[in-house]
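Here is a briefing on one structure. It covers cavities, the chain contact, salt bridges and backbone details.

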Amino acid sequence: MSFTSPVFLGFILFFLLVYYLLPRRLQWVVLLAASCVFYISGGIRMIAYLLITTLSTYLAGRLLGWLNEKGAGLSQEDKKLLSGRLRTQKRLTVFFAAFLNFGMLYVLKYWDFTAHALGRLIPGSNLPVLNLAIPLGISFYIFQSIGYVVDVYRDKYQPEKNPFKFALFVSFFPQIIQGPISRFDQLAGQLTALREPNFDSIKYGIQLTMWGYFKKLVIAGRAGVLVDHVFNGGTKYDGSVIAFAVLFYCIQLYCDFSGGIDISRGIAGMFGIDMTINFRRPIFAVSLTDYWRRWHISLGTWMKDYVFYPLALSKPFGRLGKFTRKHIGGTVGKIFPTSLATFIIYFIIGIWHGANFRYIAFGFWNGIIITSSLILTGFYSGVRKRLGISDQSRLLRVFRILRTAFLVFIGRYITRAPRLLTALSMLGATFLNFHPERLFDGTLLTLGLDKGAIITVLAGIVAVIYVELLQERGIEIRKSLEKRSFLVQWLAILVPLTAIILLGILNQEYISAEFIYAQF
Amino acid sequence: MDELLRILSETCPGIDFENEKALIDDGLLDSFDIITIVSEIMDVFSAEISVEDLVPENFNSVQAIWALIEKRRN
């Protein structure tokens, strides 16, 4: 059941009514039932993987909770004797849960890639290709569940005792397709709380959902048509047309993913649940690091807490730090191990996107830019001082935003092209075969979109940027709307709704039911 | 404490560490700064800081960082 299907709207309406009409203590059961119906509608067989993850991480959580209690109850003397053994048992528990789940993810998502790559490297290796279908949202729910296991290992909170309440945390339907990757202590309590219908949270939820549908149906769907057209044609296009298509891809990806997340958060909001934010206006990022802190935030913080910190503080990295400080010295010697850990994180994020050399290259691209900018920080601030440019300068901020946008733009060639080599030749064409007059001689109208559709995409993204600019300045749009006249409030609902109906729903040719991030 | 202030100012110049009370919550220190500071602290003060200690409460102010060092000192 896609978020964009009419059935889904009926589904939401039905479960909202049941949720608020049934006795409050049954509300979480309604959410679990809705989540089951939603997930099963995508194929009954896929639920097996979800069950494996739920059961294994639930049991690991319970076992870790028991070991934590055992550790806390020990006398000082016993602690000295047994704490090492307890720690090993706890680590083994986390290891098995992670091994089982990431192993499953590996087989489903990366096995065929390994078989192909090995086949090319070692002719005759003949590993079988499995062609397994990837279950809906598997990497999102595995990341979320393993985060929970590690938190219980760290004794951050008590494990959930009720397996069904835990199953709801793993499978909560608004987030299961493409996140956000929630934290147990932030989400679980909300899922099982008793709620009265709250008009404001339902209204805010509807507004956020509508904004999401506007971005997805009106902007992303259209932009995608032109993007597909150009990328399917490969390098036959002029560099300027390719660059225009990549710009449209940036628009499509942002509106598709952030629109999808707005729909998820909006729907959760209607049930009174405040899900973690996943975007903080990445378009205003002043560096690539800042960009990744604003884009897909829940994945970034997951990586930070569960991979980056443990890696950067591990013994081998500590030893490496001592070695580089002693033998290399200076800034490079000081930040080398942390830069290496950063590099590894971006490499993992690259691979997380999919089993393909172009995603590995994408990870490298980000890793190289970010680690080199860390090393060059001192040099840059020296240049700024010599030129007399203040760090607070508005012009410098605009320059940084444009520079970041350019770096992101280049990275998008790599992720969208069907193959890495195609991406490189399209990049080459952009820089070596760029004829701006092609943008005005009617070529753009031969790429699957008519003039009206192109203008809709551009006007749509201008509206999105304007709204985000207001938010960047600290204005809360939905709250500030309430202070406006009744007419303005209604227009704020009716204009986007009319746009969604006229330009989205009634223009079926531009509707893509799938979300790009659902495949990751 | 002076030694800690020196480490902090060298790692992130331009921040008023003596008075700031929301270093993490206000986004003045990022994860990269934290790791650099923690590596220095582990070296200089022989404190064993683990991943579990890396929570905002322990890094929001110089006093909080100092309290963490005292707790984890060998």
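Which residues line the largest cavity? They are Phe140(A), Tyr141(A), Gln144(A), Val170(A), Gln175(A), Ile176(A), Pro180(A) and Ile181(A). This is a predicted model, where local features need pLDDT of at least 70, side-chain atom pairs count only at pLDDT 80 or more, and totals for chains, interfaces and linings use all residues. Residues are numbered from 1 along each chain as its sequence is written, chains are lettered from A and ligands numbered from 1 in the order in which they are written, and side-chain values use heavy atoms, with hydrogens and water left out.

**Cavities**

- A cavity is a set of points, on a 1 Å grid over the protein atoms alone, where a 1.4 Å probe fits but cannot get out; lining residues have an atom within 4 Å of a point.
- Helix 5 (138-153) and helix 7 (173-176) of chain A each give two or more residues to the lining of the largest cavity. Helices here are DSSP runs (H or I, at least four residues), numbered from the N terminus.
- Helix 5 of chain A gives the most, with 3 residues.
- The lining of the largest cavity divides into 6 nonpolar residues, 2 polar and no charged. Nonpolar means Ala, Val, Leu, Ile, Met, Phe, Trp, Tyr, Cys and Pro; charged means Asp, Glu, Lys and Arg; the others, Gly among them, are polar.

**Contact between chains A and B**

- The contact (heavy atoms within 4.5 Å) takes 17 residues from chain B and 17 residues from chain A.
- The two chains bury about 1500 Å² between them, 70% of it on carbon and sulfur atoms. Buried area is the accessible area (1.4 Å probe) that two parts lose on being put together, summed over both.
- Phe32(B), Ile35(B) and Val51(B) lose the most area in chain B, together 39% of what that side buries.
- The chains share 1 salt bridge. Asp30(B) pairs with Arg293(A), with the closest N and O atoms 3.0 Å apart.
- Helix 2 (residues 31-45) of chain B gives the most to its side of the contact, with 10 residues.
- That side of chain B holds 8 nonpolar, 4 polar and 5 charged residues.

**Salt bridges overall**

- A salt bridge puts a side-chain nitrogen of Lys or Arg within 4 Å of a carboxyl oxygen of Asp or Glu.
- Lys216(A) and Asp256(A) form one of them, at 2.8 Å, N to O. The pair links helix 9 (residues 199-233) to helix 10 (residues 239-270) of chain A, 40 residues apart.

**Backbone details**

- The peptide bond from Gly179(A) to Pro180(A) is cis, with omega near 0 degrees. Pro180(A) sits in the loop between helix 7 and helix 8 (184-192) of chain A.
- Asp155(A), a residue other than glycine, has a positive phi near 60 degrees. Asp155(A) lies in the loop between helix 5 and helix 6 (163-171) of chain A.

Technical notes. 1 Å grid on protein atoms, 1.4 Å probe; cavity = no way out; pocket = protein on both sides within 12 Å on 5 of 7 lines; lining within 4 Å.
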